Amino acid sequence: MPVADRKDTKTAILDAAERLMAEHGVNGVSLRSILTEAEANSAALHYHFGSREGLVEALLARRGHSSSVRRKELVDALAARSAPPTVKDMVRVIVDPMAEMLRREGDGGRRFFRFLARLQSDRADVHRRLDERHFPEMFAKMRPMMRKACPHLSDSELERRMNMVLDTMLQSLANAEFMTEEWRDDRYRDALDEHVESLKCFVAGGLAAPLRQASNHRSAEGD
């Protein structure tokens, strides 16, 4: 391989880990497999990342930090408004930074999103812990905003639906047809824009839906 095409060791490890962890899960792939694909050794991994968790944190920071910064900007803008946030406002806060990252990063963003989707499906919440550690003010503002936007939901039901929103967003985008091929031209960005608008309508409807009463549920079963 020509020297100009060679990746530096740190990038090679990150790229290999991103692909393999997206396919097999954070704990479903050995560090040895990652190092073999990256053509690196364990000393390099420990030097750059320290541990498996450090490697995952570095993967999240590489492409995800900008999305968290953007989400904080949107949350701060909502907090400065006099009007209370709506469900659509909150959906934009959740979805738009991720969509902007995909538009900006192209094929690299596509691979990262598949990694994120696997983290979510495995319930590996390291990405949330990182955001809460690095952006505590954002989360302190976002939680009461969600409650104001969804006063019809109890705290436990809101938490349940937020997990559904994250599952839907990540899996829907990671597995969309335009995400299965190499990102080549503006057609993919157009497809992404259409998909994101449909996604936001869908998840907003789920958050806005009233909670079905247990008595109504029992009555329907009796019929």
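Helices are DSSP runs of H or I with at least four residues, numbered from the N terminus. The structure is a predicted model, in which local features need pLDDT of at least 70 and side-chain atom pairs count only at pLDDT 80 or more, whereas totals for chains, interfaces and linings use all residues. Residues are numbered from 1 along each chain as its sequence is written, and side-chain values use heavy atoms, with hydrogens and water left out.

In helix H6 (residues 107-121), Phe 112 and Phe 115 are three residues apart and therefore separated by about one helical turn. Both Phe 112 and Phe 115 are buried (under 20% relative accessible area, with exposed meaning over 50% and partly exposed in between; 1.4 Å probe, protein chains only). Their ring centres lie 6.1 Å apart with planes at 40°, so the pair is tilted (centres within 6.5 Å; planes under 30 degrees apart are stacked, over 60 edge-to-face, the rest tilted).

Beyond its neighbours within four places in sequence, Leu 207 is in contact (heavy atoms within 4.5 Å) with residues including Val 87, Cys 150 and Leu 158.

Buried residues of H9 include Leu 158, Met 169 and Leu 173.

Zero disulfides are present (cysteine sulfur atoms within 2.5 Å). Cys 150 is buried, at 1% relative accessible area, whereas Cys 201 is exposed, at 59%.

Terms used. Helices (H or I, at least four residues) and strands (E, at least two) are DSSP runs, numbered from the N terminus. Rings of Phe, Tyr and Trp (its six-membered ring) pair if their centres lie within 6.5 Å; planes under 30 degrees apart count as stacked, over 60 as edge-to-face and the rest as tilted.
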